[in-house]
Amino acid sequence: SSGINAEWPLRPGTRLRNQIKNTICNFSDKLENDPSEVLASAVILDHLYGGQNNSNLQSFSSIFGFLDSLRQKDEGFWKDILQYYIQEPNITINCIPSIQCMTELENAEKQRIAEQQKRLGDVGMANCKKEKSTDCDSALIPLL
């Protein structure tokens, strides 16, 4: 036994129910205090990632029901999930950033940019700036 019950002042199911309740309250507060930001975020995410079927908006509209269904789950449900993650074999990889490699990558990128600027010349660079500004201008979406 991993001692999931013994050390905690509240049982895992109770702690998780409280956390889910707090999440619902926080989301409700955001929705009440700044609905335009919350709804705008939902619409933007749906536009970017929802595809033709508005799947992100549908999941946004059902978030309270989903969270409430999680809040109703019994302690056994949460223990099973915790046990899955505790007992599964895992691998930990510790990495130390290489200053030498970072410097080499930085120098290679600077060299690549310098070569591209030299290859394009002044006229080519001016065209790139013009294309970039045109792309940015066309990306703006007017607010209604």
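Some ground rules. Residues are numbered from 1 along each chain as its sequence is written, and side-chain values use heavy atoms, with hydrogens and water left out. Because the model is predicted, local features need pLDDT of at least 70 and side-chain atom pairs count only at pLDDT 80 or more, while totals for chains, interfaces and linings use all residues.

Now the overall picture. The protein has 6 helices and 0 strands. Those are DSSP runs, numbered from the N terminus: H or I of at least four residues for helices, E of at least two for strands. Buried residues make up 10% of the 144 residues. Buried means under 20% relative accessible area, exposed over 50%, partly exposed in between, with a 1.4 Å probe and protein chains only.

On to the rings. How many aromatic pairs does a search of the whole structure find? It finds 1. The partners are F27 and F64, 5.4 Å centre to centre, with 55 degrees between the planes. That counts as tilted. Rings of Phe, Tyr and Trp (its six-membered ring) pair if their centres lie within 6.5 Å; planes under 30 degrees apart are stacked, over 60 edge-to-face, the rest tilted.

Why does this pair tie together separate parts of the sequence? F27 lies in helix α1 and F64 in helix α4, residues 63–71, so the pair links parts 37 residues apart in sequence. F27 is partly exposed, because its relative accessibility is 22%. F64, at 30%, is partly exposed too.

Last, the neighbour. S28 also lies in helix α1, residues 12–33. From S28 to F64 is 9.1 Å, C-alpha to C-alpha.
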